[in-house]
Amino acid sequence: MLVVAGWFVRAVVREDGAEPRDRPGAVMEHSIDGTSIRTKAEFMAAVADALSFPDWFGHNLDALHDCLGDLSWLPAGEHVLVWSSPEVLREADPRVYDAIDDVLRDATEPGRFRVELNPR
């Protein structure tokens, strides 16, 4: 296991091929391909798509925090945001990356929501 900017990082491998959404209390992974995310707007669009945010999502840090604290539109269980290549945003705009990182850390709640970073 690696640690990147304080986050624990692991490779995500599903061996059984089962659809976790069919099991109550299951861990459900939501992936973001960070290879082309270089701005806050691109991240917001990617996370909104990955976590099926409602139409009222405002595409800003406050709205991100609000949505991550709710997730009531998703099935019950633990939701894991798997962000590949987060270093692309970190290198392109360190201030934006740090602000998003703060929101993601604040929203982390074991058993409900967490983030896994998978660097290149």
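1. Helix α1 covers residues 40-50. Helices here are DSSP runs of H or I with at least four residues, strands are runs of E with at least two, and both are numbered from the N terminus. The model is a predicted one, in which local features need pLDDT of at least 70 and side-chain atom pairs count only at pLDDT 80 or more, while totals for chains, interfaces and linings use all residues. Residues are numbered from 1 along each chain as its sequence is written, and side-chain values use heavy atoms, with hydrogens and water left out.

2. The protein has 4 helices and 5 strands. Read from the N terminus, the order of elements is β-β-β-α-α-β-α-α-β. Of the 120 residues, 41% are buried; buried means under 20% relative accessible area, exposed over 50%, and partly exposed in between (1.4 Å probe, protein chains only). The protein exposes about 6,500 Å², with carbon and sulfur atoms supplying 50% of it. That area comes from the Shrake-Rupley method with a 1.4 Å probe; for residues, only the protein chains shown count as cover.

3. Contacts are counted when heavy atoms lie within 4.5 Å. Taking contacts between residues at least 6 apart in sequence, 63% join residues at least 24 apart.

4. Which residues of helix α1 are buried? They are Phe43, Met44, Val47, Ala48 and Ala50. These residues sit on the same side of α1, because they cover an arc of only 165° around the axis; the arc is that of the directions from the helix axis to the C-beta atoms. An α-helix has 3.6 residues a turn, so residues three or four places apart point the same way. The face turned away from the buried side carries the exposed residues Ala41 and Asp49. The packing partners of the buried residues of α1 are β3 (27-33), α2 (61-68), β4, α3 and α4.

5. The structure holds 5 aromatic pairs. Rings of Phe, Tyr and Trp (its six-membered ring) pair if their centres lie within 6.5 Å; planes under 30 degrees apart count as stacked, over 60 as edge-to-face, and the rest as tilted. The pair of Phe43 and Trp83 is tilted, because the ring centres are 4.8 Å apart and the planes are at 45°. Phe43 belongs to helix α1 and Trp83 to strand β4, so this pair ties together parts that are 40 residues apart in sequence. Both Phe43 and Trp83 are buried.

6. Phe53 and Phe57 form an edge-to-face pair, with 4.7 Å from centre to centre and 65° between the planes. Phe53 counts as buried at 9% relative accessibility, and Phe57 counts as buried at 6%. Phe53 and Phe57 belong to one aromatic cluster with Trp56 and Trp73.

7. How many salt bridges does a search of the whole structure find? The search finds 5, each defined as a side-chain nitrogen of Lys or Arg within 4 Å of a carboxyl oxygen of Asp or Glu. Glu87 and Arg120 form one of these, at 2.8 Å from N to O. Glu87 lies in helix α3 (residues 87-92) and Arg120 in the segment after β5 (113-118), so the pair ties together parts that are 33 residues apart in sequence. Glu87 is buried at 8% relative accessibility, whereas Arg120 is exposed at 68%.

8. Asp101 and Arg105 form a salt bridge whose closest N and O atoms are 2.8 Å apart. The two residues are separated by about one helical turn, because they are 4 residues apart in helix α4 (residues 94-107). Asp101 is buried, with a relative accessible area of 10%; Arg105 is partly exposed at 33%.

9. A network of salt bridges links Glu78, Arg114 and Glu116. The side chains of Arg114 and Glu116 meet at 2.3 Å, N to O. Arg114 is partly exposed at 24% relative accessibility, while Glu116 is buried at 4%.

10. Glu78 lies in strand β4 (residues 78-84) and is buried at 14% relative accessibility. The side chain of Glu78 makes a polar contact with that of Arg114 at 2.7 Å. A polar contact is a pair of N or O atoms within 3.5 Å; within protein, one must be able to donate a hydrogen and the other to accept it, and residues adjacent in sequence count only if both atoms are side-chain atoms. Leaving out residues up to four places away in sequence, Glu78 touches Ala26, Val27, Met28, Gly111, Arg112, Phe113 and Arg114.
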